Amino acid sequence: MPLGIQQNNDFTQFTMDVWNDKIFYQEKEFPAGFMAASVLNIPEEKLPELIQAGGAPTFLFPVVVQGSDEEAAAVFPQLRERILYLTELLWKYPPFCYNDYEKEMRRINILFDERNLLQIRTPDSEFQTEFLRFCIGIIRIPIAMYHFYAAGRFFELDYLRRLKKRNETHFAVAAHDCFNSEQFWDEMRSLQSLDMEPFTVYPELSSTYVFARSPKNEKEMVFVERVIFPRLTDFYTYDLMNGLHHGHAPSQCQGCGKYFLTTNGHIPKYCDGVAPQDSRYTCRQYGAMMHQKEQNKQHPVYRLFNTRTGTIRKHHQRGKISDDLRREALYLAESYRDKALMDNDYAADGYAHDMELEHIYAEAENRLK
């Protein structure tokens, strides 16, 4: 069977299969540390919404279970609405974005069906136990995300970012120093709701072995460790530590500001996501291009670009071309320049022709038609 099968992950159970430097979640393969790095990309402005959404059901489900019949009937629709709102928020973030949406919604629709209210209110019934397990589990998730988000960003900014080398030894030293730092724990203690899902460097877990087809050769079978976590905090912490063990660590892109996972010893600057400055390039490509611009002001590509764009601006100032034609011509010149910087063959053979003033004006006029 494939890795990551039959894990039964949902809002109350967190399981991953671990094999070499990879993890498998819901039959999807990820490098170790991927989940921990990804959760750091929750937009900061979304955290209050998440925490509030998790807190709203806290005072409702006890009323449904222990209140009077009238109170329970009145509160139950509100609880269902709040739970559905919370689930819609959580679907956006790892690991829940990889879960089986339809399966989980079927479960929610059964648990929060008004026809089952009597079973929910039956003391110690199997249905009530499952209902409470779900409610208690899901309301803890936003706090777990918040605490790990704060801990992970602190660790990356104050320790990982300073490293001159990125390998297991240096990551181990960074983790030791950070997680034994009084400043770090002062920061963690300052967070609200520390009594719920607190960050820990000692995750609780249970594990066993499953047998699966080798990802490298389907004809071979391998032993795979299946790790089950009682809390989301444990899931994230284990993934972070397992990633560091294999030389993987989160890093913040200097281009887009998002966190990404490094899986080699290079000092990272940019990710491979789309550059916010120019969607034609990845952050890595755009950063390299900007670096080249700074380092090669006398590069032949730039000399020709500066000459042509200077002429275009002078023509506009003298009234020889319209403002629209000026903008299109400058845009084309920039496009040809960027292409030449990324493509040596084009720089050698086609760039000079495309940068002829007559060609630029002709192409710009065609684009304005």
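Strand β1 (residues 14-19) pairs with β5 in the antiparallel sense, over five bridges; strands are DSSP runs of E, at least two residues long, numbered from the N terminus, and two of them pair if DSSP finds at least two bridges between them. Within this part of the model, Met16 stands opposite Val227 in β5. This is a predicted model, in which local features need pLDDT of at least 70 and side-chain atom pairs count only at pLDDT 80 or more, while totals for chains, interfaces and linings use all residues. Residues are numbered from 1 along each chain as its sequence is written, and side-chain values use heavy atoms, with hydrogens and water left out.

Let's move on to β4. Eight bridges join β4 to β5, and the two run antiparallel; here Val210 stands opposite Val224 in β5. Strand β4 also holds Tyr209, which counts as exposed because its relative accessibility is 52% (exposed means over 50%, buried under 20%, partly exposed in between, with a 1.4 Å probe and protein chains only).

Now for a helix: Gln128 lies in α7 (residues 126-158), helices being DSSP runs of H or I with at least four residues. Gln128 is buried, because its relative accessible area is 9%. Leaving aside residues up to four places away in sequence, Gln128 touches Val65, Gln119, Ile120, Arg121, Thr122 and Pro123, where contact means heavy atoms within 4.5 Å. A polar atom of the Gln128 side chain lies 3.3 Å from the backbone oxygen of Thr122.

How values were computed: Polar contact = N/O pair within 3.5 Å; in protein donor to acceptor, adjacent residues only side chain to side chain.
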